[in-house]
Amino acid sequence: MQKFILGRKNHITIISAILIILGFTSELAFHQEQMAMWSLMLASVLGAAPIAIQAYQALRVKVVSIDVLVTLAVAGAFIIRNFEESAIVTFLFLFGSYLEQRTLQKTRSAIKELTEMAPESALMLSESGEFEEVAVDEVDVGDTLLVKTGAKVPVDGTVLSGEGHINEASITGEAVPVGKRKGSQVFAGTILENGTLQVVADRVGEDTTFGRIIELVEEAQDSKSEAERFIDRFSKYYTPAVLILSTLVWIFSQDIELAITILVLGCPGALVIGVPVSNVAGIGNGARHGVLLKGSEVIHDFSRVDTIVFDKTGTLTEGNPSVADTNYYVSDIRKTLGYLSSVERESDHPLAKAIVQHLGPVDTFAVQKTDVVAGGGIVAEVDGHTVAVGNVGLMEQQGVPLAEKVRKDIERFEAMGNSLVLTSVDGELHVLMGIRDQIREAVKSHLQKMKKLGVKHLVVLSGDNQGTVDLVSKQLGLTQAHGHMLPQDKAAFIKKLQAEGRMVAFVGDGVNDSPSLALAQIGIAMGSGTDVAIETSDVVLMNSDFSRLPHALGLAKATARNMRQNIAIAVGVVLILLASVFFSEWMNMSIGMLVHEASILVVILNGMRLLRYRS
């Protein structure tokens with residue numbers, strides 16, 4: 001029966017609300033006092049049932065919780081036939097509990113999603129010399145595996161033969177696929193976008209990098225036990241104090257009505273609703289501004305953050321490589337751009353796609369012959385001309401002279417964090433393009449806002465090379481920048497910051513970020529990121545709008561401040577009421593109830609101010 005009632009708390013809350021509305025409508029509109037009394041009585045009994053069960057369960061483990069006080073207050077209100085108070089108190093208590101729990105769900109489903117992303121099978125070289133499909137659990141260290149285009153790499157290993165480009169976003173978070181050849185390292189869970197590779201297994205199963213990501217998320221989420229609410233800590237002392245006071249008054253005065261009056265007036269109705277109303281108003285404001293805050297505990301911790309750690313790709317940057325810088329070395333460039341577009345349309349390399357998108361609609365030509373130079377680029381015959389598109393090494397291999405000015409341009413482009421694509425026609429350099437992941441618009445100003453809100457340390461961690469990460473850090477004025485970071489490195493860095501006593505928030509968008517999102521006191525996911533990242537996080541910025549982050553932080557601080565104000569108002573009113581019972585002649589049950597209900601209205605109105613908050 002207990003399980004049945006507790007499992008239907010939300011239904012009981014709705015029914016209680018309907019009965020309360022029916023009761024007051026019957027009395028005020030139709031003067032049906034008998035119907036009003038029965039409606040409020042029924043609302044009180046229904047609402048008190050789950051609270052009384054929780055009180056009983058708390059007493060069994062020797063904890064005098066706020067549920068105990070609310071239960072006794074409702075019983076006292078019944079004795080003095082004040083059914084309005086008992087019904088309202090139980091409803092507010094249940095509704096507050098509902099608001100608190102509604103946004104704290106489903107983080108465990110992130111682990112299931114991660115597990116489903118892990119490779120399940122592999123093509124393993126058998127004793128007969130053929131590749132046969134086996135379960136990934138059957139693969140041992142040293143086995144040779146075949147990975148085809150579009151397949152997941154089943155193990156961490158070393159390439160024995162073949163070439164291709166692998167999307168390592170699930171591990172490094174970087175948007176640009178990485179070229180692989182003999183001797184290159186590959187990671188389980190990454191996807192081979194083109195080419196064919198033979199790989200020898202170095203680490204398998206739970207020992208792979210992807211396996212460790214899953215383990216890190218599990219550990220981090222297990223370590224995130226729910227912090228004890230301030231109200232529960234307060235009630236640890238407050239609840240017994242009111243009970244003792246009420247009992248002593250009854251013992252010494254033998255006035256049962258006075259004792260119950262103290263018990264009822266001491267029931268913290270405003271305290272029960274004060275924190276939830278601030279919480280729901282803050283969450284509502286955030287939702288209207290594209291920010292999802294997952295509960296009051298998140299808001300409390302977020303308001304105290306002094307260090308924010310960012311993933312780079314897709315967080316500080318757009319997450320899509322594009323042409324950022326271009327230099328032309330001939331006067332008539334129109335045909336060259338047509339040749340370039342024609343060649344790059346033949347490739348599915350992400351840099352080629354970025355160039356085609358950048359060039360847009362241009363005249364194209366038939367490509368007669370294409371020669372892919374491993375690790376260099378493409379040499380093709382186009383419209384009777386030899387066109388080479390690739391890196392500096394390809395140009396040197398093709399005997400394309402690079403003047404001193406060109407070499408200085410190359411150095412400058414590289415210093416700006418670009419990947420270089422050079423285009424030559426018949427042995428003459430025509431175009432130099434720099435392609436990089438662009439920094440999000442106005443990110444620097446948003447970071448400055450967060451500094452003004454009290455964030456002392458802004459850190460970037462990325463799987464990208466250190467030079468590119470340093471450049472981003474310098475442009476944005478960050479405190480620290482670290483490149484070549486795998487997921488376990490990022491998680492270790494978060495632990496290091498926490499060991500130094502910092503309150504850490506981590507902002508990311510990829511599966512590779514989920515361990516750090518779960519481990520940090522506050523995990524902040526960009527809304528266009530993976531479901532795993534979003535579910536593991538505590539705060540979600542919808543549509544990946546970075547400009548919402550300062551608003552989220554400011555809102556968390558304002559909400560936490562509002563919660564403290566409501567607690568102070570609620571406790572202050574209760575103390576004044578109790579003091580007035582003993583030290584004034586004007587205080588009675590009716591006045592006390594009026595002030596009691598007025599305090600509830602005050603904390604609600606104070607909480608509603610958060611709906612108008614602007615950063």
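This is a predicted model: local features need pLDDT of at least 70, side-chain atom pairs count only at pLDDT 80 or more; totals for chains, interfaces and linings use all residues.
This is a short walk through the structure above, from the whole chain down to single residues.

Residues are numbered from 1 along each chain as its sequence is written, and side-chain values use heavy atoms, with hydrogens and water left out.

Let us start with the overall picture. The protein chain holds 23 helices and 20 strands; helices (H or I, at least four residues) and strands (E, at least two) are DSSP runs, numbered from the N terminus. Of its 615 residues, 53% count as buried, where buried means under 20% relative accessible area, exposed over 50%, and partly exposed in between, with a 1.4 Å probe and protein chains only. Contacts are defined by heavy atoms within 4.5 Å. Among the contacts in the protein chain with a separation of 6 or more, 67% are between residues 24 or more positions apart.

Strands of a sheet pair through backbone hydrogen bonds, either parallel or antiparallel. Here, 6 strands form an open sheet in the order β10-β15-β14-β13-β12-β11, with antiparallel pairing; two strands count as paired if DSSP finds at least two bridges between them. At the edges stand β10 (317-328) and β11 (367-373), each with a single partner strand, so one side of each has no neighbour in the sheet. On average, neighbouring strands of this sheet are turned by 20 degrees against each other, direction ignored; such angles are taken between axes, which are lines fitted to C-alpha atoms (for helices over the stretch in contact), and run from 0 to 180 degrees between N-to-C directions.

Asp426 sits in the loop between β14 (419-425) and β15. Asp426 has a positive phi of about 55 degrees although it is not a glycine, and at 45% relative accessibility it counts as partly exposed. Arg440 lies in the loop between β15 (428-439) and α17 (443-452), and its relative accessibility of 12% makes it buried. The side chain of Arg440 reaches the backbone oxygen of Thr317 at 3.3 Å. Leaving aside neighbours within four places in sequence, the residues in contact with Arg440 include Gly314, Glu318, Met526 and Phe546.

Now for the interior. A nonpolar core is a set of buried Ala, Val, Leu, Ile, Met, Phe, Trp, Tyr and Cys residues joined through side-chain atoms within 4.5 Å. The largest one has 51 residues, and Phe302 and Phe310 have the most contacts inside it. Helix α22 (residues 548-583) supplies the largest share of this core, 10 residues. Beyond its neighbours within four places in sequence, Phe302 is in contact with residues including Leu293, Ile522, Val539 and Ala556. Apart from this core lies another, of 21 residues, among them Leu337, Leu351, Ala354 and Ile435.

Phe310 also takes part in a ring pair. The structure holds 2 aromatic pairs; rings of Phe, Tyr and Trp (its six-membered ring) pair if their centres lie within 6.5 Å, and planes under 30 degrees apart count as stacked, over 60 as edge-to-face and the rest as tilted. The rings of Phe310 and Phe546 have centres 5.8 Å apart and planes at 40 degrees, so this pair is tilted. Phe310 lies in strand β9 (residues 307-311) and Phe546 in the loop between β20 (539-541) and α22, so the pair ties together parts that are 236 residues apart in sequence. Both Phe310 and Phe546 are buried.

A few more stops complete the tour. Lys490 lies in helix α19 (residues 487-499) and is buried, with a relative accessible area of 0%. A polar contact of 3.0 Å joins the side chains of Lys490 and Asp311; a polar contact is a pair of N or O atoms within 3.5 Å, where within protein one must be able to donate a hydrogen and the other to accept it, and residues adjacent in sequence count only if both atoms are side-chain atoms. In helix α22 you can find Ile576, which counts as exposed at 55% relative accessibility.
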